[in-house]
Amino acid sequence: MSKTVSGDEPEAGGDHAARLRASFTAQADTFEEPTLNAAFTSALDWVVEAAQPHAGDQCLDLASGTGLVGRALAPHVAHVTCVDSTPAMLARGRAAAAAEGLTNITFVLGDATSRSSPQGASISA
């Protein structure tokens, strides 16, 4: 399932946000390779243990990339929502979640730095 969390407002950060998205788009295919990204791949068991997830929990993974953390939590919780501003990362995560048989995870296109909700209400900082 794909959703978008952003309105028609100017993008937060302008050119910086576009450069970040381009950089992460280029990294999407190799983001989960342990030899290239040990920081995100080597500590997933520790993250799950530290989070102490419960079956009824609803989890939010902001700036999720391919949803590595969200996918690690998904077997232990009711639902996970992964939000990222890079469509290519979300596509990779969505494909990986499907291959892993995860049905309680949603990937949402959105900007975690945005200060407004999709309905236009302010989000407290």
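Contact here means heavy atoms within 4.5 Å, and buried means under 20% relative accessible area, exposed over 50%, and partly exposed in between, with a 1.4 Å probe and protein chains only. The structure is a predicted model, in which local features need pLDDT of at least 70 and side-chain atom pairs count only at pLDDT 80 or more, while totals for chains, interfaces and linings use all residues. Residues are numbered from 1 along each chain as its sequence is written, and side-chain values use heavy atoms, leaving out hydrogens and water.

**The chain as a whole**
- The protein chain has five helices and four strands, where helices (H or I, at least four residues) and strands (E, at least two) are DSSP runs numbered from the N terminus.
- Along the sequence these elements follow the pattern β-α-α-α-β-α-β-α-β, and 30% of the 125 residues count as buried.

**Helix 5**
- The buried residues of helix 5 are Met89, Leu90, Gly93, Ala96 and Ala97.
- They cover an arc of only 125° around the axis, which puts them on the same side of helix 5; the arc is that of the directions from the helix axis to the C-beta atoms.
- What covers these buried residues includes helix 1 (15-27), helix 4 (68-73), strand 3 (79-84) and strand 4 (105-110).
- On the face turned away from the buried side, helix 5 carries the exposed residues Ala98 and Ala99.
- After helix 5 comes Gly101, whose phi is positive, near 75°.

**Arg71**
- Arg71 lies in helix 4 and is buried, with a relative accessible area of 7%.
- Leaving aside neighbours within four places in sequence, Arg71 is in contact with residues including Gly93, Ala96 and Ala97.
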